[in-house]
Amino acid sequence: MLRHALEAQGHHVVEAKDQPEAVQRLKDSPCAVVLSDLRLPDGDGFGVLNAAKDVDPELPVIVMTAFGGIQDAVRAMQAGAMDFLAKPVDPAHLLLLVERALAQRRLIGEYMLLKEELAARRGAPTIIGEAASMKQLSLAVQRAATTHATVLIEGESGTGKELFARAVHALSERADAPFVAINCAAIPEGLLEAELFGYERGAFTGATQRKPGKFELANRGTLFLDEIGELPMPLQGKILRALEERTFDRLGGTSSIKVDVRIVAATNRHLKQAVAARQFREDLYFRLSVFPITVPPLRERREDIPILARHFIEKDCRAQGRKLLALSPTAMEALREYRWPGNVRELQNCLERAVILSEGDTIYPKHLNLVAEDFTRAANPLAHLDLSGSLATVTQRAVMEVERQAIREALAESNGDLARAADRLQIGYKVLTSKMKALGM
Ligand SMILES: Nc1ncnc2c1ncn2[C@@H]1O[C@H](COP(=O)(O)OP(=O)(O)OP(=O)(O)O)[C@@H](O)[C@H]1O
Ligand SMILES: [Mg+2]
């Protein structure tokens, strides 16, 4: 009856007959709400409640109690149940509670995201990285933050330049003043000057009102000039003056305006080369690079890939209201081996897609959609195999390697449970243990 009522409203229902089965179902398929009777043939509703909270502390659980079982209901609520239903269950009441639980869960997810976003805007952003180069970088950022010096951040696309720019601001004494960003590559050349310096009413056709520029808006704070390498030559001169004299003119203005801004600039071009190619003013380059910071590409700090990956998966799972997904060992390996031309941003996008694509509780290589040619190893999966000796020897070596990998994967997926691993591999338990012995596992 409950299933029927829920399905009629478009919900997808997974059933379990007792506590052990419920625990298994919870592990197998992510769900948004748990509905459990307190009395079960095997185990009880409290066990289901605990298992649900283990999977996801935010998972709403509604318990059903017999008429008059109010003490049990209170106890369940104390143990973390969201609400209770007295039997016989009224379908309308049931649907109401389920809808409310779903709404609450969505809100929690959104709340966590907003909280993070706010923290990222206000406080120092979360920068993940344990590679030696990243630790050095974070020291450099802290040192830069205590000065008023102009900071130039160089790095490939998606390495986290903006993140570091925000960190410089958040760690500086200007943290309470605005951080204003402008992307010099995204704004048409004709509008860029007006955006940067503002304009007076009547400065040009369409300027019906005075408008402050980014330099003014960032007063006492930080102005982030993103993609500064794309700045057109004529504007380079005007920026240089603004940097040197801390004054500028609004378009159509008659007197100069004085501002107090710290400049952080970023570029994914080698600005020095642009200078050599006469596309960038040398004097501006020297002005900007008082405190240069270079963010290394992701492929040069592969040890950070696993922690970054887990961080993004956690974030996406929470955003989508799903329980935390695991990464299979082969998927992790694929992530570590890939070249990541788009760096951290590409990794982030790749995992976001993987979280959407994966139906179960694990992300496998097929969900990652990485281009095979780009694997350093998968381009030739045999590259690491020793191909010396007779054909029989080589074949045997290859078979052993494949078996070892498959067993490792199956074991990881069943949390080291040998019986379940044997099931997954469709071999007997004894065959598995003797194979492992033979393979020296
Ligand atoms: N070390 C890191 N820890 C956590 N998140 C990171 C890290 N590095 C980058 N990111 C995330 O990756 C994404 C890209 O970073 P960001 O926008 O700062 O890169 P960028 O260098 O400015 O890229 P582009 O040159 O394309 O503008 C952002 O969502 C950022 O939050
Ligand atoms: Mg950027």
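Colleague: Which residue has a polar backbone atom 3.3 Å from an oxygen atom of ligand 1?

Modeller: That residue is Thr159. A polar contact is a pair of N or O atoms within 3.5 Å; within protein, one must be able to donate a hydrogen and the other to accept it, and residues adjacent in sequence count only if both atoms are side-chain atoms. The Thr159 pair, at 3.3 Å, therefore meets the limit of 3.5 Å. Before we continue, note that this is a predicted model, in which local features need pLDDT of at least 70 and side-chain atom pairs count only at pLDDT 80 or more, while totals for chains, interfaces and linings use all residues. Residues are numbered from 1 along each chain as its sequence is written, chains are lettered from A and ligands numbered from 1 in the order in which they are written, and side-chain values use heavy atoms, with hydrogens and water left out.

Colleague: Which polar side-chain atom lies 2.6 Å from an oxygen atom of ligand 1, and to which residue does it belong?

Modeller: It belongs to Arg345. A backbone N or O atom of Gly158 is also placed 2.8 Å from an oxygen atom of the ligand. The protein covers 86% of the 630 Å² of accessible area that ligand 1 has on its own; such areas come from the Shrake-Rupley method with a 1.4 Å probe, and for residues only the protein chains shown count as cover.

Colleague: What makes up the shell around ligand 1, by class?

Modeller: There are 7 nonpolar, 7 polar and 4 charged residues. Ala, Val, Leu, Ile, Met, Phe, Trp, Tyr, Cys and Pro count as nonpolar, Asp, Glu, Lys and Arg as charged, and the others, Gly among them, as polar. Of the 18 residues around the ligand, Ile128, Gly158, Lys161, Arg345 and Gln348 come nearest; a residue is near a molecule or strand if one of its heavy atoms lies within 4 Å of it. At least two residues of the shell come from each of α7 (161-171), α13 (305-319) and α15. Helices (H or I, at least four residues) and strands (E, at least two) are DSSP runs, numbered from the N terminus.

Colleague: How many aromatic pairs are counted?

Modeller: The count comes to 7 aromatic pairs. Rings of Phe, Tyr and Trp (its six-membered ring) pair if their centres lie within 6.5 Å; planes under 30 degrees apart count as stacked, over 60 as edge-to-face and the rest as tilted.

Colleague: Why is the pair of Phe197 and Phe248 called tilted?

Modeller: The ring centres are 5.6 Å apart and the planes stand at 35°, so the pair is tilted. Phe197 lies in helix α8 (residues 189-197) and Phe248 in strand β9 (residues 247-248), so the pair ties together parts that are 51 residues apart in sequence. Phe197, Phe215 and Phe248 form one aromatic cluster.

Colleague: Why does Phe197 count as buried?

Modeller: Buried means under 20% relative accessible area, exposed over 50%, and partly exposed in between (1.4 Å probe, protein chains only). Phe197 has 3% relative accessibility, so the residue counts as buried. Phe248, also at 3%, is buried too.

Colleague: What makes Leu35 partly exposed?

Modeller: Leu35, in strand β1 (residues 34-37), has 26% relative accessibility and so counts as partly exposed. Ile257, in strand β10 (residues 257-258), has 17% and is therefore buried.

Colleague: What is noted about the phi of Trp340?

Modeller: Phi is near 50° for Trp340, a positive value in a residue other than glycine. Trp340 occupies the loop between α14 (329-337) and α15 (343-357), and is buried at a relative accessible area of 0%. Gln426 likewise has a positive phi, about 55°, although it is not a glycine. Gln426 belongs to the loop between α18 (418-425) and α19 (429-438), and with a relative accessible area of 73% it is exposed.

Colleague: Which charged end sits over the ring of Phe46?

Modeller: That of Arg75, 4.1 Å from the ring centre. The criterion asks for NZ of Lys or CZ of Arg within 6 Å of the ring centre and within 35 degrees of the ring normal.

Colleague: Which peptide bond is cis, with omega near -5°?

Modeller: The bond from Lys87 to Pro88. Pro88 is in the loop between β3 (83-86) and α5 (91-122).
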